[in-house]
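Some notes on this model follow, in the order in which I would check them against the coordinates.

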Amino acid sequence: IQQFCMHYNVPVGFIKALQDYELVEVKITEDEIYLQTHQLNEVEKMMRLHYDLQINLEGLDVISNLLSQLESHQNEIILLKNRLQFYED
């Protein structure tokens, strides 16, 4: 987290706030806190939304939940299309 925050010039408190809202999971080892590598893109996206568009943490939480639901629905649509195609062939 320290390296990430220094690289992007954001306070460590931002990552901790994202953790408090359960928007990211961190791993703690030997007194160091690490971001999961698969979450880096999401953290960058939330960082841009927060700092560039001035969206507060509650808004980030809502956006994250809506995007998750959207992805779930898109996956369900793909599954249903595949099933339909199976029966059409």
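1. In this predicted model, helix H4 covers residues 57-88, 32 residues in total. Its first and last C-alpha atoms lie 46 Å apart, close to the 46 Å expected at 1.5 Å a residue.

2. Where H4 is buried, the residues include Leu57, Gly59 and Leu60. The cover over the buried residues of H4 includes helix H2 (12-20) and helix H3 (40-52).

3. The chain as a whole has 4 helices and 2 strands. Read from the N terminus, the order of elements is α-α-β-β-α-α.

4. On overall dimensions, the radius of gyration of the chain is 17 Å, whereas a compact globule of 89 residues would have one near 12 Å. Along the principal axes, the C-alpha atoms fill a box of roughly 55 × 30 × 20 Å.

5. How much of the chain counts as buried? The share is 25% of the 89 residues.

6. On charge, the chain carries 15 negative and 6 positive side chains.

Conventions
Residues numbered from 1 in each chain as written. Predicted model: local features only at pLDDT ≥ 70, side-chain atom pairs only at ≥ 80, totals over all residues. Heavy atoms only, no water. Expected span 1.5 Å × (residues − 1). Buried < 20%, exposed > 50% of the residue type's maximum accessible area, 1.4 Å probe, protein only. Contact = heavy atoms within 4.5 Å. Rg over C-alpha atoms; globule rule 2.2 N^0.38 Å. Lys, Arg positive; Asp, Glu negative; His and termini not counted. Charge placed at Lys NZ, Arg CZ, Asp CG, Glu CD.
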